[in-house]
Structures are given as structure tokens and as C-alpha cells.
Amino acid sequence: FVKNGMNPVAGLTQSHYLKGFFLLHYLKERVSEINFLRLIRDYFETYKGQLVESNVFLSMFYEKYSNKMNCTKDELIRKWLDSPGMPKIIESLKICQIKHFDLYEDTYEVFHQIANLGKSLKVNDIEADNLIYTEQVILLFQFLTTVKVSSKLLKWLKETFSKQI
């Protein structure tokens with residue numbers, strides 16, 4: 001759970017940056033890359049050298065492109081920034097459809113295996129060899145905030161990923 005970019009329990013995972021990465025791609029897809037890059041340029045020109053919160057950028061985005069959005073700024077903040085886990089919408093983002101972006105697919109597959117534990121899988125059946133990047137482990141942990149995790153699974157996660165985090 002990340003609120004205002006901070007989660008004291010998972011402070012070292014930097015998961016809010018990963019979530020922000022997907023949020024920015026989501027916003028870019030709503031308005032086109034050219035319009036999004038213009039907004040980024042305007043944002044940097046306006047706030048160069050200043051420390052600003054993410055809602056300042058979102059306000060600027062909504063001032064220009066609220067007509068392109070199917071939710072209010074407050075709903076977007078609640079869904080993307082104030083809620084645990086990753087919004088389901090990221091599965092349909094173009095960045096996740098790129099063939100070389102198997103990082104997301106591989107991570108989601110491991111999460112799917114974990115979510116189905118007990119139905120047909122045991123902890124030792126989970127295939128996580130494809131999760132080789134720290135960002136994938138962070139994303140997996142972000143996905144795991146949406147399900148209950150057993151102590152046996154926590155032990156497996158620690159043994160499997162302790163070198164990566």
C-alpha cells in the first residue's frame with residue numbers, strides 16, 4: 001500500500017516507482033505520446049528546480065485532458081496511488097503488449113500460480129526461474145498485497161528471492 005509515495009513497511013522496495021511507471025504509461029495512452037510529451041515539457045518548465053507532489057502533475061494533466069479520461073482525478077488517485085496492488089488496467093497497456101516486455105507477463109504468471117495454490121498447486125510447484133530482475137520481484141510483491149499469503153509461502157518467497165531484494 002502506497003500513500004503519498006510512502007510505505008514504511010516496504011520502504012526499500014521502491015514499489016511506488018514501479019506503480020508510477022505504469023501510471024505514466026496509462027496516462028500517455030489516454031492522450032497520445034506527443035500530447036503527453038508536451039505536457040511533460042510544460043511541467044518541467046513550470047516546476048523546474050521545485051519539489052512537487054504527484055498530485056500537482058495529475059492536476060496539470062486533468063486541466064488539459066480531463067475530457068480524455070473516464071474517471072475523475074480523485075478516482076484516479078484512489079485507484080492508482082492510495083490502493084494496494086496494481087490496477088487491473090495495466091494488463092491492457094501497450095507497454096505490456098510489447099514482445100520484449102515479458103517481464104510483466106512472467107511476473108504475472110508467477111503471481112497467478114501463487115494465487116491458485118491449494119487448488120492444484122503446491123508451493124514447490126511454483127516456477128519462478130524467469131523472475132531474474134529486482135523490478136519483477138517488486139512487482140510480484142505488489143501483486144501479492146492483494147491476496148492472503150501463508151507462512152509456508154512467505155518462507156518460500158524469502159528463500160527464493162532473498163538475493164534479489
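Analyst: Let's start with the overall layout. Of the 165 residues in the protein chain, 36% are buried. Among contacts between residues at least 6 apart in sequence, 64% join residues at least 24 apart.

The mean pLDDT of the protein chain is 80, and 82% of the residues reach 70 or more. Over residues 7-12, though, the pLDDT is below 50, and beyond near neighbours in sequence this stretch has two contacts in the model. Where pLDDT is low, the predicted coordinates should not be read in detail. Among the helices, confidence is lowest in α5 (residues 94-97), with a mean of 71, and highest in α3 (residues 54-65), with a mean of 93. I'll take α3 as the part to look at.

Two packed helices are described by the angle between their axes and the distance between the axes. For α2 (residues 33-47) and α3, the axes come within 11 Å and cross at roughly 130°. That angle makes α2 oblique to α3, and the crossing is right-handed. On the α2 side the contact is made by N35, F36, L39, I40, D42, Y43, T46 and Y47. On the α3 side, the residues are V56, F57, M60, F61, K64 and Y65.

The other partner is α4. Here the axes of α3 and α4 come within 10 Å and cross at roughly 140°. α3 is therefore oblique to α4, and this crossing, too, is right-handed. From α3, the contact uses N55, L58, S59 and Y62. From α4, it uses K73, L76 and I77.

Let's zoom in on a residue from each contact. F61 sits in α3 and belongs to the contact with α2. How exposed or buried is F61? F61 has a relative accessible area of 0%, so it counts as buried. Leaving aside neighbours within four places in sequence, F61 is in contact with L27, V31, F36, L39, S66 and M69. F36 and L39 in that list are also part of the α2 side of the helix contact. L27 is 34 residues away from F61 in sequence, yet the two C-alpha atoms are 8.5 Å apart.

L58 is also in α3, and it takes part in the contact with α4. At 3% relative accessibility, L58 is buried. Not counting residues up to four places away in sequence, L58 touches L27, K73, L76, I77 and L81. K73, L76 and I77 are the α4 residues of the helix contact. L27 turns up here as well as in the list for F61. L58 and L24 are 34 residues apart in sequence, with their C-alpha atoms 10.0 Å apart.

What does α4 look like from its own side? In α4 (residues 73-80), L76, I77 and W80 are buried. Seen down the axis of α4, these buried residues fall within an arc of 100°, so they line one face of the helix. L76 and I77 are among the residues that meet α3.

The phi of S32 is near 95°, a positive value in a residue other than glycine. Most residues other than glycine have a negative phi. S32 is partly exposed, with a relative accessible area of 33%.

α7 (residues 134-144) is mostly covered, with eight of its eleven residues buried. Those are Q136, V137, I138, L139, L140, Q142, F143 and L144. L144 has a relative accessible area of 7%, so it counts as buried. Leaving out neighbours within four places in sequence, L144 is in contact with F111, I114, V149 and L157. L144 and M86 are 58 residues apart in sequence and 9.6 Å apart, C-alpha to C-alpha.

Definitions and conventions. Residues numbered from 1 in each chain as written. Predicted model: local features only at pLDDT ≥ 70, side-chain atom pairs only at ≥ 80, totals over all residues. Heavy atoms only, no water. pLDDT = per-residue confidence, 0-100. Helix = DSSP H or I, 4+ residues; strand = E, 2+ residues; numbered from the N terminus. Contact = heavy atoms within 4.5 Å. Buried < 20%, exposed > 50% of the residue type's maximum accessible area, 1.4 Å probe, protein only. Arc of directions from axis to C-beta. Axes fitted to C-alpha atoms, helices over the stretch in contact; angles between N-to-C directions. Parallel < 35°, antiparallel > 145°, perpendicular 65-115°, else oblique. Left-handed = near helix turned anticlockwise from the far one by under 90°.
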